[in-house]
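Please keep the sequence and the model side by side while reading.

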Amino acid sequence: MSLRFTKMHGLGNDFVVFDAIRQHVDLDPATIRRLADRRFGIGCDQILLVEPPRLAGTDFHYRIFNADGSEVEQCGNGARCFARFVRDQGLSDRDEIPVGTAAGAIRLYLEPDGQVRVDMGPPELTPARIPFQADTSSPTYDLEIDGETLTIGAVSMGNPHAVLLVEDVETAPVARLGPLIESHPRFPRRVNVGFMQILTPGHIRLRVHERGAGETLACGTGACAAVVSGRLRGLLDARARVSLPGGDLMIEWRGPSETVWMTGPAETVFQGEIDR
């Protein structure tokens, strides 16, 4: 028995996408780890499943699995690839596609220039809902790591993010601090960790350590969280370009209760089949 798949990427954040509507897909954590392995499998940061809708008013359901086999709530780069996949595979002919996720419904828009614009919904800033252990909501929090006090922003974009300001992303201690913050006990579901360098109020650089995947070339929800955190600190404009190692995203957030908009590319690399 074999599974048909499509390899895709959004700014180098790469995915194996399975159509779970026209074929039966049943993946356990061990199988996911094998498929995601870059030497013994297909290789990817995350595996995406396209499923029949579960939420009223949506056309599809979107599931995301990290390379370590864990399922997560949301992935922004994956959402753009999801939109491109369902159009290219003939599963939808719509330019506006409502999709259900574990974090709720999102809307995907295919732009005439080939870019995909995603309504990511409003950010969640209440600590208990991120989830993050803190008494009250604040633009920044102190976090103790190995005897060092770090200042972070904490934001959920359907998945939790910690955002640190750094002087230079090239020399930021991503490899050292990323795993330590990811598993910090104040983040009970672990956390994605963004290292943000502000170039101008309309342009930042960002590196992201993703929970269950390590550092990736791009993280869409991480870009959204970084702009939200920068805006809450009074450092960024409502619209900002986010330069990640894999390329640029445009993020727009007008303020509390407003939705976060993300615009960027989605590319197909190849299609194939693999034994279950």
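This is a predicted model: local features need pLDDT of at least 70, side-chain atom pairs count only at pLDDT 80 or more; totals for chains, interfaces and linings use all residues.

The largest pocket is lined by 21 residues, and those nearest its centre are A103, S156, M157, G158 and N159.

**The largest pocket**

- The space in the largest pocket amounts to about 300 Å³, and strand β7 (residues 104-110) gives the largest share of its lining, with 3 residues.
- By residue class, the lining of the largest pocket comprises 10 nonpolar, 7 polar and 4 charged residues.

**The cavity**

- The structure holds 1 cavity of 30 Å³ or more, and the volume of the largest cavity is about 90 Å³.
- Of the 15 residues that line the largest cavity, Q46, V72, Q74, N159 and E210 lie nearest its centre; N159 is also named among the residues nearest the centre of the largest pocket.
- Strand β4 (60-66) and helix α4 (220-232) each contribute at least two residues to the lining of the largest cavity, and this lining divides into 4 nonpolar, 9 polar and 2 charged residues.

**Aromatic and charge-ring contacts**

- The structure holds 6 aromatic pairs, and one of them is formed by Y62 and F82 in a tilted arrangement, with 5.0 Å from centre to centre and 55° between the planes.
- This pair links distant parts of the chain, since Y62 belongs to strand β4 and F82 to helix α2 (residues 76-88), 20 residues apart, and both Y62 and F82 are buried.
- A further aromatic pair, that of F132 and Y141, is edge-to-face, with 4.9 Å from centre to centre and 70° between the planes, and both F132 and Y141 are buried.
- Ring pairs also join F60, Y62 and F82 into a cluster.
- The ring of W261 has the charged end of R117 sitting over it, at 3.9 Å from the ring centre.

**Side chains that reach backbone oxygens**

- Q23, in the loop between β2 (13-19) and α1 (29-36), counts as buried because its relative accessibility is 10%, and its side chain reaches the backbone oxygen of R4 at 2.8 Å.
- S183 is placed in the loop between α3 (174-182) and β12 (192-200), where its side chain reaches the backbone oxygen of P179 at 3.0 Å.
- Although S183 and R211 are 28 residues apart in sequence, their C-alpha atoms are 8.4 Å apart in space.

**Backbone geometry in loops**

- The peptide bond that runs from I130 to P131 is cis, with omega near -5°, and P131 itself is found in the loop between β8 (116-119) and β9 (141-145).
- L11 has a positive phi, near 60°, in a residue other than glycine; L11 lies in the loop between β1 (2-10) and β2 and counts as buried because its relative accessibility is 8%.
- R190, which is likewise not a glycine, has a positive phi near 65° and sits in the loop between α3 and β12.
- With a relative accessibility of 27%, R190 counts as partly exposed, whereas L11 counts as buried.

Conventions. Residues are numbered from 1 along each chain as its sequence is written. Side-chain values use heavy atoms; hydrogens and water are left out. On a 1 Å grid over the protein atoms alone, a cavity is a set of points where a 1.4 Å probe fits but cannot get out, and a pocket is an open set with protein on both sides within 12 Å along at least five of seven lines; lining residues have an atom within 4 Å of a point. Grid points are joined across faces, edges and corners, and a volume is the space filled by probe spheres set on the points. Helices (H or I, at least four residues) and strands (E, at least two) are DSSP runs, numbered from the N terminus. Ala, Val, Leu, Ile, Met, Phe, Trp, Tyr, Cys and Pro count as nonpolar, Asp, Glu, Lys and Arg as charged, and the others, Gly among them, as polar. Rings of Phe, Tyr and Trp (its six-membered ring) pair if their centres lie within 6.5 Å; planes under 30 degrees apart count as stacked, over 60 as edge-to-face and the rest as tilted. Buried means under 20% relative accessible area, exposed over 50%, partly exposed in between (1.4 Å probe, protein chains only). A charge sits over a ring if NZ of Lys or CZ of Arg is within 6 Å of the ring centre and within 35 degrees of the ring normal. A polar contact is a pair of N or O atoms within 3.5 Å; within protein, one must be able to donate a hydrogen and the other to accept it, and residues adjacent in sequence count only if both atoms are side-chain atoms.
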